[in-house]
Amino acid sequence: MTAIKHALQRDIFTPNDERLLSIVNVCKAGKKKKNCFLCATVTTERPVQVKVVKVKKSDKGDFYKRQIAWALRDLAVVDAKDAIKENPEFDLHFEKIYKWVASSTAEKNAFISCIWKLNQRYLRKKIDFVNVSSQLLEGKVKKCESVPSGENQSVTGGDEEAVDEYQELNAREEQDIEIMMEGCEYAISNAEAFAERLSRELQVLDGANIQSIMASEKQVNILMKLLDEALKEVDQIELKLSSYEEMLQSVKEQMDQISESNHLIHLSNTNNVKLLSEIEFLVNHMDLAKGHIKALQEGDLSSSRGIEACTNAADALLQCMNVALRPGHDMLLAVEQQQQRFSDLRENFARRLASHLNNVFVQQGHDQSSTLAQHSVELTLPNHHPFHRDLLRYAKLMEWLKSTDYRKYEGLTKNYMDYLSRLYEREIKDFFEVAKIKMTGTTKESKKFGKLRHLSPLVCFLFY
């Protein structure tokens, strides 16, 4: 350990005008890391500064490097963990708590004792020593050992104060005393005269010092005045900084409000775009043109143009009613009202269409324009192509009615069959009446009937 002390003093502390007083080999508690050294040092110049320096050996060589230094005045608590049992652990409370484990209890005790003495001399008991035995505080442990800095280190006389009560003279001090004693050959034979001369010279030096102090009093006053002005300037600067800080805080609050407002505006714009999209969807898919509505309500079902307009309107109505609504649309009152309006239009148009077709069926069933008397010469059943042509115009509307209101479609189909059967019954009945007349008529007509019998076996079957 002595070699390490000398190496640290020579390589690290001597270039910084510091003296190494105590050293302890430690590692961090609870961690497996390489060891380091905690060093208690003092400066060789006034005012004396006491530090605790952490030194670590370099990984790339055999030299040491200064890692971190703490001022002793920043040390708040020294915790030795246990005042009775030997324990190598101890804590140093600086700005945070540093937990250390010493390589030996003796090194730990010597280092804590040195810290206590430095505290007693320079800090006036400002450090709290916890769990430290009374032997350390009473100074019964080995004193802080001052490491000699080598022959090249020199300390001006009287400028350095050692921690111990006794300190050996260094080479410079011994040389100065020898020169003084050589100038006073009688110092050994007449010590009183030598002491009297030293006292006179000391008084002269004290007087010179007092005169120097008095001469510098004016400069000190000027310096104090400058310091007062500087303090006033500092106060003004602090006031300005406070006002700037308030202004910045106000700007920050305004910027926060603007940011929140921008967020709300962006959210409102997004909602408006979505709402417009939904409205456009509903308008494009659930809006029935006025022309279609008029055709469904008042369209002429007897003309070809009116039937075509009603067919287109019915298809458009069916598309509007079958549109696939998005989630939530069915909860809108306007959508519900529009759907109800479509239902009413469908019901009214289906009723009007069924009523018109029933009238057409009735009219065709009672039509007397194509009676069998008009075809008595040829004795054939009347041709119904004009009726079929008139009904084919309603084919798409019947298909629409079948898909929208099957009950009305089924009723129309039944009515059509009823009116058609009556029409055919009447025509067949007329057919038999005419045939009977021809059978009981003239010979010439009988011959014609004979020819007819050969031409139509089914008719002959009906006649007999």
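# A walk through the predicted model

The buried residues of helix α1 pack against strands β1 (18-28), β2 (36-43), β3 (50-57) and β4. Contact here means heavy atoms within 4.5 Å. Helix α1 spans residues 2-13, and K5, A7, L8, Q9, I12 and F13 are its buried residues. Buried means under 20% relative accessible area, exposed means over 50%, and partly exposed lies in between, with a 1.4 Å probe and protein chains only.

This is a predicted model, in which local features need pLDDT of at least 70, side-chain atom pairs count only at pLDDT 80 or more, and totals for chains, interfaces and linings use all residues. Residues are numbered from 1 along each chain as its sequence is written, and side-chain values use heavy atoms, with hydrogens and water left out.

Now the overall picture. The protein has 14 helices and eight strands. These elements are DSSP runs, numbered from the N terminus: helices are H or I with at least four residues, strands are E with at least two. Of the 464 residues, 29% count as buried. Take the contacts between residues at least 6 apart in sequence: 59% of them join residues at least 24 apart.

D17 sits in the loop between α1 and β1. Its phi is positive, about 55°, although D17 is not a glycine. D17 has 39% relative accessibility, so it counts as partly exposed. N131 also has a positive phi of about 55° and is not a glycine. N131 lies in the loop between β8 (128-130) and α3 (134-137). At 34% relative accessibility, N131 counts as partly exposed. The loop between β2 and β3 holds P47. A cis peptide bond joins R46 to P47, with omega about -10°. For background, most residues other than glycine have a negative phi, and most peptide bonds are trans.

Next, the aromatic rings. A search of the whole structure finds eight aromatic pairs. Rings of Phe, Tyr and Trp (its six-membered ring) pair if their centres lie within 6.5 Å; planes under 30 degrees apart count as stacked, over 60 as edge-to-face and the rest as tilted. W70 and F94 have ring centres 5.0 Å apart and planes at 15°, so this pair is stacked. The pair links distant parts of the chain, 24 residues apart. W70 is in strand β4 (residues 64-71), and F94 is in the loop between β6 (89-93) and β7 (97-102). W70 is buried, with a relative accessible area of 8%. F94 is buried too, with a relative accessible area of 10%. F94 also pairs with Y98, edge-to-face, at 6.2 Å centre to centre and 70° between the planes. Both F94 and Y98 are buried. W70, F94, Y98 and W100 form one aromatic cluster.

Helix α2 (residues 105-123) contains I112. I112 counts as buried, at 2% relative accessibility. What does I112 contact, leaving aside its neighbours within four places in sequence? The list is V78, A80, F90, F129, V132 and L136. I112 and A80 are 32 residues apart in sequence, but 8.2 Å apart in space, C-alpha to C-alpha.

Finally, helix packing. Two packed helices are described by the angle between their axes and the distance between the axes. Axes are lines fitted to C-alpha atoms, for helices over the stretch in contact, and angles run from 0 to 180 degrees between N-to-C directions. Angles under 35 degrees count as roughly parallel, over 145 as roughly antiparallel, 65 to 115 as roughly perpendicular and the rest as oblique.

Helix α8 (residues 304-321) and helix α11 (residues 395-404) pack at about 25°, with axes 10 Å apart. The two helices α8 and α11 are therefore roughly parallel. From α8, the contact uses I307, C310, T311, A314, D315, L317 and L318. From α11, it uses K396, L397, W400, S403 and T404. These residues divide into seven nonpolar, three polar and two charged. Ala, Val, Leu, Ile, Met, Phe, Trp, Tyr, Cys and Pro count as nonpolar, Asp, Glu, Lys and Arg as charged, and the others, Gly among them, as polar.

Helix α11 also packs on helix α12 (residues 406-439), at about 130° and with axes 6 Å apart. So α11 and α12 are oblique to each other. Here M398, L401, K402 and T404 of α11 meet Y406, K408, Y409 and L412 of α12. By class, this contact has five nonpolar, one polar and two charged residues.
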